[in-house]
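Please open the structure in your viewer and keep the selection panel at hand.

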Amino acid sequence: MSDPIKFHCKGVDVWYGDTHAIKDNDIDIHDNSVTAFIGPSGCGKSTFLRCLNRMNDTIDICRVTGTLLLDGDDIYSRDVDPVQLRARVGMVFQKPNPFPKSIYDNVAYGPRIHGLARNKADLDAIVEESLGAAGLWDEVKDRLAAPGTGLSGGQQQRLCIARAIATKPEVLLMDEPCSALDPIATETVEELISGLGKRYCVVIVTHSMQQANRISQRTAFFHLGNLVEYDTTDAIFSTPKDERTIGYVSGRFG
Amino acid sequence: MLSWAALLVCALALAGFFTAKGRAVALGGDTPEVLHSRPVYHGGFVAIRTVFAGLGVLILGLILTNIAIRWALYSGLPAGLSEIERDLIVSDGVALANGALASRTGEARDAVAALYGRLTTLQIWGLALASVGAAIFTLMQGLRQVSIPFRARSRFERIVQVILTISAGIAVLTTIGIVASLLGQTLVFFSEIPVMNFLFGTLWSPLSGVHDGTMDPDKVGAIPLFAGTLLITVIAMLVAVPVGLFSAIYLSDFASARARSIIKPMLEILAGIPTVVYGFFAAITVAPFLRDTGAAIGLSVSSESALAAGVVMGIMIIPFISSLSDDVINAVPQSLRDGSYGLGATKAETIRNVILPAALPGIMSAVLLGVSRAIGETMIVVMAAGQGANLTANPLEAVTTVTVQIVALITGDTEASTAAGPAFALGFTLFCVTLIFNIWALRLVRKYREVYD
């Protein structure tokens with residue numbers, strides 16, 4: 001496991017108003033691999049994920065302190081435009097949220113905003129490539145003009161992944177991407193995430209320990225705002241060290 | 001006397017409530033759960049049917065006996081009088097009996113007065129006794145029915161349901177009645193004036209030369225009024241749509257909670273200002289200001305202009321559009337905003353590319369409802385737009401609108417029967433147009449709801 005470090009985080013604290021949601025956490029997230037955040041509800045794993053692309057900036061009362069370096073650059077520095085950062089760090093949400101537009105326009109949304117395509121042919125190529133990477137191209141290539149909201153739940157989520165890939169990000173953040181999907185759609189999306197992990201830095205928040213076990217190379221266990229234990233997925237699930245981790249992965253609480 | 005009877009009926013009902021409730025409580029004893037209905041329902045059922053019986057007899061009786069008295073008065077009159085004379089004698093007789101002034105006095109009138117006095121005394125006493133009697137009878141019957149298995153609760157609720165149905169029925173019937181009378185009078189008008197002359201004529205002066213009661217079909221062309229209404233509506237929407245929509249976007253996506261808590265109530269105050277206040281604001285403040293400004297830059301603006309009326313009407317409609325648009329913009333799920341921000345879109349890009357398209361049907365319906373308000377708005381245009389039916393597209397001149405002309409026709413000193421014809425035709429046209437806009441708007445809203453619920 002010698003993948004280069006993508007995110008270097010040190011002494012990260014997050015407050016929502018007076019609530020201390022994340023308490024002094026350090027973590028290094030590696031490139032070209034899948035890192036899973038697990039832990040009971042309200043443990044801060046989603047909050048921490050949303051620090052990585054500054055999505056927390058959209059919440060007025062949220063305050064983030066500490067060092068978060070992406071490829072060695074502080075993403076909370078004054079010079080960084082959060083909008084530009086989010087183009088580099090894409091995000092997929094818990095509930096599939098395709099825009100009420102056509103399938104094509106959903107995928108082309110990011111490239112159009114960031115001016116990634118010089119002409120229509122370029123854009124077509126990006127859309128095809130992204131849908132292909134999300135394993136959706138064969139299913140929708142004949143109805144690109146159909147509304148994205150008309151797809152099934154699993155297809156919608158893969159459309160959202162394609163939409164995130166289309167902006168050519170370096171990192172993909174996924175916030176419980178399968179929790180609103182049925183088991184079969186979940187399997188498809190999990191395979192897709194495993195594949196994406198070979199090319200991108202993927203960080204996934206999940207409630208399912210089996211899912212973390214299946215698709216991730218490293219796992220971080222959060223509890224009450226603390227990063228309790230962070231190691232390879234094998235180590236977390238076979239030889240956890242902390243009492244709380246042992247309790248959680250063996251199903252005794254959470 | 002009759003009001004005392006009504007009061008007595010209510011007192012009986014109240015007494016019935018407590019008696020029936022007391023009886024039910026006594027029947028239940030230590031095990032009140034054996035009662036099918038709780039005591040309060042027994043009381044309520046007795047009370048409500050007592051009121052129904054007593055007041056029902058009173059109201060129905062009053063209507064029927066009034067008709068009967070009228071008939072008796074007329075049939076007692078000497079034969080060989082014209083209808084107008086008979087009406088006069090009867091109304092004078094009634095006035096005399098009531099101690100009011102009559103237009104004339106005479107034997108026939110005194111006879112009517114005497115008969116009327118006798119009959120009304122009889123009517124009042126008879127009705128009072130009958131209604132109290134009916135109330136007592138129903139009350140006793142109700143009290144007898146109080147028993148353990150008696151389903152007072154179901155019956156009480158059925159009565160409540162009937163009351164609700166009647167209330168809804170009144171609203172519907174009134175609407176149907178108004179539309180029917182509008183339609184009837186309009187048809188009468190169009191039987192004299194060809195529809196085409198009305199809809200496509202360009203000269204509006206319906207009351208010039210109507211002393212003999214007939215209208216010149218060439219002078220009832222409503223095009224200038226439609227054009228004036230259209231012009232003012234367009235100006236109003238040019239003001240209201242951008243300002244209303246932009247303020248809605250500001251409120252929903254940019255304003256801090258504090259700013260929102262101040263601005264939103266302010267906008268709602270704007271919606272609460274009576275239109276008559278907007279009217280004199282337009283006539284006294286805005287119109288002279290526009291005229292003077294126009295004069296300063298060498299434009300001739302008349303002191304009553306479509307522009308002044310339209311701008312003020314636009315201001316009046318702003319809260320309407322902003323509040324409805326704010327609702328639909330807020331109804332766009334946060335997940336769509338997050339999705340867009342997560343792809344690196346700015347706030348403005350998110351609003352333009354995701355939120356506005358998603359909220360568009362709702363915004364359109366807000367605009368349509370605004371249009372239908374602008375078309376039907378009266379006070380502002382009466383005061384600020386002018387009276388002359390002037391066919392022009394120049395917003396700096398005075399124009400008149402459909403609503404202004406209806407006001408002029410009805411409040412003018414021409415006989416109502418003559419002036420009502422064109423007024424009804426205009427009113428009906430207005431009704432049709434606003435109805436179409438409202439239905440269109442409602443359909444759009446429904447379509448929008450289907451997407452997100």
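Begin by selecting A:Lys10 and A:Thr67: in strand S4 of chain A, A:Thr67 is the bridge partner of A:Lys10. Please bear in mind throughout that this is a predicted model.

Strand S1 of chain A covers residues 5–16, and strand S4 of chain A covers residues 62–70. These two strands pair in the antiparallel sense, with eight bridges between them.

Now follow S4(A) to its other partner. Select residues 73–74 of chain A, which make up strand S5; two bridges join S5(A) to S4(A), and the two strands run antiparallel. Within this pairing, select A:Leu70 and A:Asp73, which stand opposite each other. The hairpin of S4(A) and S5(A) has two residues between the strands. Select A:Asp71 in this hairpin: its phi is positive, near 55 degrees.

Which strands form it, and in what order? The open sheet consists of four strands of chain A in the order S2-S1-S4-S5, with antiparallel pairing. Select residues 19–30 of chain A to show strand S2, which is one of the edge strands; S5 of chain A is the other, and each pairs on one side only.

The tour then moves to the interface between the chains. Select the residues of each chain that touch the other: 17 residues of chain B are in contact with 21 residues of chain A. How much area do chain B and chain A bury between them? The value is about 1,500 Å², and 64% of it lies on carbon and sulfur atoms. Between chain B and chain A there are five residue pairs in polar contact, both residues being at pLDDT 80 or more, while the count of salt bridges is zero.

For the last stop, select residues 334–342 and 347–376 of chain B. These are helices H11 and H12, each of which supplies at least two residues of the side of chain B that touches chain A. H11(B) provides the largest share of that side, namely seven residues. Finally, colour this side of chain B by residue class: seven residues are nonpolar, eight are polar and two are charged.

Methods. Residues numbered from 1 in each chain as written. Chains lettered and ligands numbered in written order. Predicted model: local features only at pLDDT ≥ 70, side-chain atom pairs only at ≥ 80, totals over all residues. Heavy atoms only, no water. Contact = heavy atoms within 4.5 Å. Buried area = accessible area lost by both parts, 1.4 Å probe. Salt bridge = Lys/Arg side-chain N within 4 Å of Asp/Glu carboxyl O. Polar contact = N/O pair within 3.5 Å; in protein donor to acceptor, adjacent residues only side chain to side chain. Nonpolar A, V, L, I, M, F, W, Y, C, P; charged D, E, K, R; others polar. Pairing = 2+ DSSP bridges.
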